[in-house]
Amino acid sequence: MASSPLSLSRRTLVAAAAAAAAFPTRLLAQQSRRVLAGTYVQEGGAGLVPLEPSNGGWTAGRALPEIANASFGVQSGGTGVRYLVDEQAEGALGIYGRDFRRLARVSTLGADPCHVALSPDGRALAVANYSSGSVAVWKLDPATGLPIDEAARIVHAGSGPDRERQAGAHAHWVGFAPGAPLLHSVDLGADAIFAHHLDPRSGALAKTTVAYRAEPGSGPRHLARHPRLPVAYLVAELANTVTILDAEGDGSFRRRGVVSTLPAGFAGSSAAGHIALNRRGDRLYVSNRGHNSIAVFAVARDGGLTLLQHVGCGGDWPRMFLLLEERDEMLVANQRSGTVASLRVGSDGRLRAATSQGVPVPGVAYLTV
């Protein structure tokens, strides 16, 4: 797909700031404890919705309608610049300052971008394009956080036995490897994790290899790295499993074991969704869309997993969740019910089911601070 020209002139930036001035961006940026909810327009989403603490719960504030279909994003700790995808057929990435004024909008060179990753040094950004099975990689100016040039496009190849979901490649996750010029991408359609080896000086793509070949038909979705161990956890959407992977020095992964995300004996339809570890790395959480639960696993010292519990997600279709460890709380984005539920996190990492209907946020798909 042809890219839109990258226009970052002074005139463009001034015009973008003026166009955004009518929206309550300054107030949103000043809310230090707020959470942001990205929503799908086609599912009734109002844009980027701030959630504000209120009487022990949360209240939806005034949305930013110009930030639409933000199904994932990242923020730079250095520049404060925020990168949010606009997940649609002509994929785009919006780049915003701390005050949520748009600094730039660039093409992702693909369809339906759904995941974003920022390199540890802040000099590169990657986006996974789901429908086109491709990855876009930008070089960034570390001082401003803005792209230096148009993105480079990497096209995945492969398919799987599920002809409805795996007729072609579907890039679903990207992540830069710590301490190495390496970008991993997880592909649901190709049943694979790809390793894109980057030139350490120029950042250009040197070669692509298969880092891990997943079980055929499993549909890998996201990868979560352990904060200290050379271990990663691969959640498979179609198989409803988590695979424990040992990270090798060459960027590949070796399978150690597999656990189900669903209770024994469950025979209904479900699709594994989001996966995340707590900061200590001793608890792993996975959302089950269909079973409508969060699975909680204890993480052993060697990275092994033991199922602790399944807890109701407080709604329908938990696409994503956000751990707020300073509040002993997990917020769950229940996409189909259009609600954000609050679950309490105990001192042992276990969850307590939601006691209310949650905050109405139609089309909710993404949560971040």
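**Exercise 1. An aromatic pair**

By the ring rule, to how many aromatic pairs does the count come? Once you have the count, describe the pair and say where its rings sit.

*Solution.* Before starting, note that this is a predicted model, where local features need pLDDT of at least 70 and side-chain atom pairs count only at pLDDT 80 or more, while totals for chains, interfaces and linings use all residues. Residues are numbered from 1 along each chain as its sequence is written, and side-chain values use heavy atoms, with hydrogens and water left out.

Step 1: Rings of Phe, Tyr and Trp (its six-membered ring) pair if their centres lie within 6.5 Å; planes under 30 degrees apart are stacked, over 60 edge-to-face, and the rest tilted.

Step 2: count. The rule gives one aromatic pair.

Step 3: classify. The ring centres of F72 and Y366 are 5.2 Å apart and the planes make 40 degrees, so this pair is tilted.

Step 4: Strands here are DSSP runs of E with at least two residues, and helices are runs of H or I with at least four, numbered from the N terminus. F72 is in the loop between β3 (57-60) and β4 (73-75), and Y366 is in strand β29 (residues 364-368), so the pair ties together parts 294 residues apart in sequence.

Step 5: check burial. Buried means under 20% relative accessible area, exposed over 50%, and partly exposed in between (1.4 Å probe, protein chains only). Both F72 and Y366 are buried.

**Exercise 2. A sheet and a residue in it**

Work out the strand order of the sheet that holds β6, then look at I95.

*Solution.* Step 1: recall that two strands pair if DSSP finds at least two bridges between them. The four strands of this open sheet follow the order β4-β5-β6-β7, with antiparallel pairing.

Step 1: find the edges. β4 and β7 (102-107) each pair on one side only, which makes them the edge strands. On average, neighbouring strands are turned by 15 degrees against each other, direction ignored. (Axes are lines fitted to C-alpha atoms, for helices over the stretch in contact, and angles run from 0 to 180 degrees between N-to-C directions.)

Step 2: zoom in on one pairing. β4 and strand β5 (residues 82-86) run antiparallel and are joined by three bridges. Q75 stands opposite R82 in β5.

Step 3: look at I95. I95 belongs to strand β6 (residues 92-96), and its relative accessibility is 0%, so I95 counts as buried. Contact means heavy atoms within 4.5 Å. Leaving aside neighbours within four places in sequence, I95 touches several residues, including V81, Y83, L103 and L146.

Step 4: F100, in the loop between β6 and β7, has a positive phi of about 70 degrees although it is not a glycine. With a relative accessible area of 1%, F100 is buried.

**Exercise 3. A second sheet and a glycine**

What is the order of the open sheet that contains β20? Then follow the chain past β23 to G315.

*Solution.* Step 1: the order of these four strands is β20-β21-β22-β23, and the pairing is antiparallel. The edges are β20 (271-277) and β23 (305-312), each pairing on one side only. From one strand to the next, the twist averages 25 degrees.

Step 1: β20 pairs with strand β21 (residues 283-289) in the antiparallel sense over five bridges. Within that pairing, A271 stands opposite R289 in β21.

Step 2: G315 sits in the loop between β23 and β24 (318-324). Its relative accessible area is 26%, so G315 is partly exposed. Leaving aside neighbours within four places in sequence, G315 is in contact with N292, N334, S337 and T339.

**Exercise 4. Cysteines**

How many disulfides does the structure hold? Are C114 and C313 buried or exposed?

*Solution.* Step 1: a disulfide is a covalent bond between the sulfur atoms of two cysteines. The test is a pair of cysteine sulfur atoms within 2.5 Å.

Step 1: the structure holds zero disulfides.

Step 2: C114 has 4% relative accessibility, so C114 counts as buried. C313 has 0%, so C313 counts as buried too.
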